[in-house]
Amino acid sequence: MEIDAWLWWLIGAAALGIALVVTAMPELGMLAVGAIAAAVATGVFGGGAVAQVAVFAVISAAGIAVVRPIANRHRAQRPQFASGVDALKGRQAVVLERVDASGGRIKLAGEVWSARALDTGHAYEVGQEVDVVDIEGATAIVM
């Protein structure tokens, strides 16, 4: 019993789909789509080996050319919702104890934090509003 070429393409697409799930590489998904397109071209149009490989190559390359830039753009984006200490960066706080290069205390997001001035030559007095520029451990860096 001989297996038709379109079935081999579907088996290849399934193998690529499994590899996609295991590795999470979107390129493998595009190769699987190319294999499905080659299976359809073979089953419906009865193309020869050269036509099958050409359909596979063109569809796979086009898919990768379209999907890769989109995936890279999404990977480079910051998350929409910051959480943890990332959510505190850029917020304003009120000085509770004088803050200078050696330390102090601020009220940030309803909690008392130890703080240190970003500029070593600058000090912030009680009641002054400051901006949190970074968090190092349990210390807020302010300016």
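Predicted model: local features only at pLDDT ≥ 70, side-chain atom pairs only at ≥ 80, totals over all residues.
**Exercise 1. Fold outline**

Work out how many helices and strands the chain has, and in what order they come.

*Solution.* Start with the count: the secondary structure consists of 3 helices and 5 strands.

**Exercise 2. Overall dimensions**

Compare the radius of gyration of the chain with that of a compact globule of 143 residues.

*Solution.* Take the reference value first: a compact globule of 143 residues would come near 15 Å. The chain itself has 29 Å. Then look at the box along the principal axes, where the C-alpha atoms fill roughly 85 × 25 × 20 Å. Now turn to burial: 24% of the 143 residues count as buried. Finish with the surface, which comes to about 9200 Å² of accessible area, with 63% of that belonging to carbon and sulfur atoms.

**Exercise 3. The setting of Gln-52**

Decide whether Gln-52 is buried or exposed, and find which residues Gln-52 touches beyond four places away in sequence.

*Solution.* First locate the residue: Gln-52 sits in helix 3, which covers residues 49–76. Then apply the cut-off, by which buried means under 20% relative accessible area. Gln-52 has 12% relative accessibility, so Gln-52 counts as buried. Last, list the neighbours: leaving out residues up to four places away in sequence, Gln-52 touches Ala-5, Trp-9, Ala-38, Thr-42 and Gly-47.

Key: Residues numbered from 1 in each chain as written. Heavy atoms only, no water. Helix = DSSP H or I, 4+ residues; strand = E, 2+ residues; numbered from the N terminus. Rg over C-alpha atoms; globule rule 2.2 N^0.38 Å. Buried < 20%, exposed > 50% of the residue type's maximum accessible area, 1.4 Å probe, protein only. Areas by Shrake-Rupley, 256 points an atom, 1.4 Å probe, with all protein chains shown as cover. Contact = heavy atoms within 4.5 Å.
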